[in-house]
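Got the sequence and the 3D view ready?

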Amino acid sequence: MDLLDTVMRELRFESAAYRWLELGTPFQVGFDQPGLRGVHIVARGECELALEPRGEDSGSGSGDGDAEPVRLATGDLVILPRGDSHVLRSPDGGRRAARVSGFELAMRTPGNRLHIGGADTVVVCGAFLIGEPDHPVLYGLPRVIHVPGHAAAWLAPFVEVLRAEAFAGGRGSELVMARLSDAMLVRALRHHSDTVDRPGWLAGLADPCLTRALDAMHGDLAHPWTVAALARTAGLSRAAFSARFTAQVGRPVMRYLLAVRMQRARTLLRDRRATVAAVAAQVGYQSDLAFAAAFKRETGTSPGAYRTAATRREDTTVYPGPG
């Protein structure tokens, strides 16, 4: 199992249903349903994606800020892995068009085929849920991942099959689309990791030396890792490794390791059968007291209080439908 596969399993992402959206120029469609990460594939025409303004960046070091709109053409794929609110609009006149809520449109329209005006632009719109929304890897991803269709020959077959399922899918269609989406998302992340040129987790994944260190950390969080030990794993000097990790991943290596350990601890604590001492040992702490102190310092609550609140939420949470 490679590192990308490991992390996707840690994230516990789950695809939601797709919609076939036909848009007549000018148009402006908003996507702001909490909890959903957007996926859009332009099957025909063109549009632009604009992120909603926000007060401050998440501190990931991804460098996106309130970015300029992303111009999308036929065959392009765009993913919003951090769940940012955004709009799709026509390049000419979209800013002045009346805004329509994608979620409300989906709720009031039966079936998978949605219309706003004509069909100058057709977009396959979907979403996915993240089971671990606080995973540190998410904060190392950009707000927008754009895969141009002309640069990814593998993308076209996904569009065609998703289109067929959206229009004429029978029993099990939702499952088919979910599995296709899972594969498509992994391929998109792999493509982006091969082309990324800014700090973030995918940049580290593209570096063979850092990948060895990342793989070692994620594979054995109970190990008493030090910067020197991880540098040896990476095949670099301690100074070179530290500088390279911070520059590529966007945060110091021990800070990253702590974040991954706390994420794994949160996951383990949701299992009512696991003791705090057992969780502490699995994430590299020999003492449950030391673990409890570190956990409270990082999360603001004790392991026991976190478990009580998290299990209560999981017992009562109902996820919204795709928007």
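Let's start with the rings: searching the whole structure turns up six aromatic pairs. Keep in mind that this is a predicted model.

**Aromatic rings**

- A pair of aromatic rings is described by two things, the distance of the centres and the angle of the planes.
- Take Trp154 and Phe158: their ring centres are 6.0 Å apart and their planes sit at 85°, which makes the pair edge-to-face.
- Are Trp154 and Phe158 buried or exposed? Both of them are buried.
- There's also a cluster, in which ring pairs link Tyr285, Phe291, Phe295 and Tyr306.

**Nonpolar cores**

- The largest nonpolar core has 56 residues.

**Strand β2**

- Why can we call β2 (residues 19-23) largely enclosed by the rest of the structure? Because five of its five residues are buried.
- In a regular strand, side chains alternate between the two faces of the sheet.
- You can see this in β2: Arg19, Leu21 and Leu23 point one way, while Trp20 and Glu22 point the other way, and all are buried.
- On the pairing side, β2 and β11 (residues 121-130) run antiparallel and are joined by five bridges. Here Leu21 stands opposite Val123.
- β2 and β10 (residues 113-116) run parallel, with four bridges joining them. In this pairing, Leu21 stands opposite Leu114.

**Helix α8**

- Which residues of α8 (residues 227-234) are buried? They are Val227, Ala229, Leu230, Ala231 and Ala234.
- An α-helix has 3.6 residues a turn, so residues three or four places apart point the same way.
- What do the buried residues of α8 pack against? Their partners are the helices α7 (208-219), α9 (238-249) and α10 (253-269).

Definitions and conventions. Residues are numbered from 1 along each chain as its sequence is written. This is a predicted model: local features need pLDDT of at least 70, side-chain atom pairs count only at pLDDT 80 or more; totals for chains, interfaces and linings use all residues. Side-chain values use heavy atoms; hydrogens and water are left out. A nonpolar core is a set of buried Ala, Val, Leu, Ile, Met, Phe, Trp, Tyr and Cys residues joined through side-chain atoms within 4.5 Å. Buried means under 20% relative accessible area, exposed over 50%, partly exposed in between (1.4 Å probe, protein chains only). Helices (H or I, at least four residues) and strands (E, at least two) are DSSP runs, numbered from the N terminus. Two strands pair if DSSP finds at least two bridges between them. Rings of Phe, Tyr and Trp (its six-membered ring) pair if their centres lie within 6.5 Å; planes under 30 degrees apart count as stacked, over 60 as edge-to-face and the rest as tilted. Contact means heavy atoms within 4.5 Å.
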